[in-house]
Amino acid sequence: MKNFSEDFAPQMRGSVPNNGGFAPEIRMNYAALMSRMLRNWYWFVLVIGLCVGLAWLNLRYTTPVYMAQMSMLIQEQSGGQSGLSKEVIAQELGFENTYVIDNEVYMLRSKYLMERVVNLLGLHTSYVHQGSVRNTEIYQPESFTLVLADTATSTAPAELVEYGSVMVRFDDEQNFSLIRSEGDTATVPYTQAFAIGSRDFRLVPTPDLPPTDHRSIYEISVMNPADVAASYTKALSVSQVERSGVVNLALSDPIPEKARDILNALVAVYEQQIVEQQSQTGGQTLSFIEERLEYVTEELYEVESDVASFKRGANLSVDIQTQGANYLAQLNEADAQLAELQVRQELIEEIRSTLTSSDNTFEALPVASEIISGVLTDLIVQYNQLIFDRDNTMEGYTPQHPLMATYNEKLNNIRESILRSINSVLRETNERIARIQDRIRPLENQMTRIPGNEQKLLQIMRQQEIKQNLFMYLLERREEAALTVAAQVPNTRIIDRASSSPYPISPNKPMIYLLAIGVGLILPAGTMFLRELLGTTINTEDEVTNYLPYPIVGRIVKSPEHGTLVVNKSTRSGIAEGFRLLRTNLGFLLPGEQSSVVMITSSVSGEGKSFISSNLAAALALTKKRVVVIGLDMRKPKLAEMVMEKEADRKTNGLSNYLIGKSPYEEIIKPTTQDRLFIIPSGPLPPNPAELLMEHRMAELLERLRGEFDVIILDAPPVGIVTDGLLMKEYVNVTLFVTRLSVTPKKSMPYINEMVEAGKLPRFNMIVNGINPKAAYGYGYGYYQ
């Protein structure tokens, strides 16, 4: 029945190694991807232009930010570090002590200092010019200023103050417009106060330079100084240079002048606070001496009055006897020493009382190196310094922070040391007071031998001398303490004054434009890459060969003439030449003298197998061969529409009529408008196409056609969907598998490869359909355009 010669009998193509899978390993074809990108260059130009335009708009509407910087040297204060402390031992061993610098860095970052700067520079009041493109802040406007109308409200608690903002427009030299909302505009004279939040303010124009812009609108905002300080603290950067005492400060702000002023004011406030802290202990000492001086002055006045009254009442001369004068001189010397020790005793008692008054609070202690010296003075200086550092650090931490616990532990340790030293010094002072009193007692006994009135006078004069010596002693110590307070200087030196960069640090124009160009390149390139990587269809010939490594015998370009016969004697288009090339390649696969059966199929519907079947048959007919094309796809027949011009001819009997025995052989073979080209249409849709193809009548039909035609082309249904085409494997000499770019699904390729390896599609060859003639594939179809 088959009557095939052995040389051209159907053969199974040898299996292709695929590393154990149904399809070979798939690799990204970067050359094809680059070719696609080059073909779509206009997308890159369009997206880059769009991104650059967006970058320009962003730069136009973004407020530039400038950076101001300054550097200063913080010197560790001398004094207060003696003995075998941890810091001294660490320095002796060669270790740098950065603890002090760290404390100063924390203090410079504190919100407390920044809030003082905000109040000093008036930064809690902002003036913003409402521009057409962007709003611009005005720092310290020259033509006007905002003042508080009721100064009594300036001392109100911060939690009771409400803040807000208003819009103003300067109308003329006497009035301005107050704009609170749309439709709520009032004309207000400069002398009239208006409310912002819970307080009243007045606008004061500059006499020599009043506002001249009567069209612009300004937004005046009064903000909470604590919130403003918090925002500037976040923008402030304070860093130590390696292990030195040099500290760099940097602040970013849209107004470079304001950033410089903030840094300079911050350092000034910091230095002022250092001086205040250093003067705190001196101030306490001055208060103690002033209190004692006031008391001694009253006592001295009373004693001097007593001396004058006694002399007048006793009618005594001014001079006293030599013996009495000697006693008085010795007593005055001893009394002067006793007075100094008593002052020292009182100061020590006051320090001990301060330390023992509460265990949970820490207060700075009074210290006077002129009255107390030695280890106790050093300990008190350390204690006061540590309290100052702790209070500054608490500005940025809660009392429960571990750093606070460290400070408290150190303060408790130093307090215990001070108490032990106080007990020792107090014991020594009391012993010296007792010895001096022992010296005074014999002198007092000897004075009893002097006559009565003179003895009473000596006692009164002795009290006068004691008060005078104590008064002079306290007066000298007060002057020394006042000089010490006045001579306090900060432990800082300015290395570089605040200066700002001439160009903004943000936005970075070159970087933004470069980023825009990069995004303009990445977006289309990434889209194409993802389309190649995640696409569900095959888009290039290389993908076809990656999935199905079999010979390609034809390449058909994309054409608007798809669905019609494009091959005839006169056509020389690229698509017609593609079919002629396919015909030539097919000639090497078919037997030279024996009739051949060629099956054309695909994986899914819509890949162009009927179009290729009809045009390949037309191309073969042009070579003087008798060709018949059979519409084997009885489920979705399209062959008759492409070959037959008349609608009536398309609805005549066909293959299905013959297979069920209702039409003879002669009725189903239809001639076409082209010589030597015949067609057997599919006919009406039968309920069981696969079973009909398995009947003996199909084999008989092919046997008879082989005797009358040179080439028999089977337009088979997709083998990836139905099995109709696989039933013809025993009658087929060559299988032409059609893949259409951007249509053939990738997921069907492993199944096709499995059928080829199993021998179900004999002498398997491929046709690539839907090639873009403008693509750089190198096929040269442009020659025929």
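Biologist: Where does M755 sit in this predicted model?

Modeller: M755 belongs to helix 22, which covers residues 749–757.

Biologist: And why is M755 called buried?

Modeller: The relative accessible area of M755 is 2%.

Biologist: Which residues is M755 in contact with, if we skip neighbours within four places in sequence?

Modeller: They are V719, L726, K760 and L761. What counts there is heavy atoms within 4.5 Å.

Biologist: Which residues of helix 5 meet helix 6?

Modeller: K111, M114, E115, V118 and N119 do, and their counterparts in helix 6 include P225, A226 and Y232. Sorted by class, the contact of helix 5 with helix 6 has eight nonpolar, two polar and two charged residues.

Biologist: How do helix 2 and helix 12 pack?

Modeller: Helix 2 (residues 41–61) and helix 12 (residues 509–534) pack at about 145 degrees, and their axes are 8 Å apart. The crossing of this pair is right-handed too. Among the residues that meet are W43, F44 and W56 from helix 2, and I512, Y513 and M528 from helix 12. By class, the contact of helix 2 with helix 12 has 19 nonpolar, two polar and one charged residues.

Biologist: Now the sheet. In what order do the six strands come?

Modeller: The order is 3-2-10-5-6-7, in an open sheet with antiparallel pairing.

Biologist: What makes strand 3 and strand 7 the edge strands?

Modeller: Strand 3 (136–138) and strand 7 (184–189) each pair on one side only. From one strand to the next, the twist averages 30 degrees.

Biologist: How do you know that strand 6 and strand 7 pair?

Modeller: Count the bridges: six of them join strand 6 (residues 175–181) to strand 7. Pairing needs at least two bridges, so strand 6 and strand 7 qualify with six. These two strands run antiparallel, and F176 has V188 in strand 7 as its bridge partner.

Key:
Residues numbered from 1 in each chain as written. Predicted model: local features only at pLDDT ≥ 70, side-chain atom pairs only at ≥ 80, totals over all residues. Heavy atoms only, no water. Helix = DSSP H or I, 4+ residues; strand = E, 2+ residues; numbered from the N terminus. Axes fitted to C-alpha atoms, helices over the stretch in contact; angles between N-to-C directions. Left-handed = near helix turned anticlockwise from the far one by under 90°. Nonpolar A, V, L, I, M, F, W, Y, C, P; charged D, E, K, R; others polar. Buried < 20%, exposed > 50% of the residue type's maximum accessible area, 1.4 Å probe, protein only.
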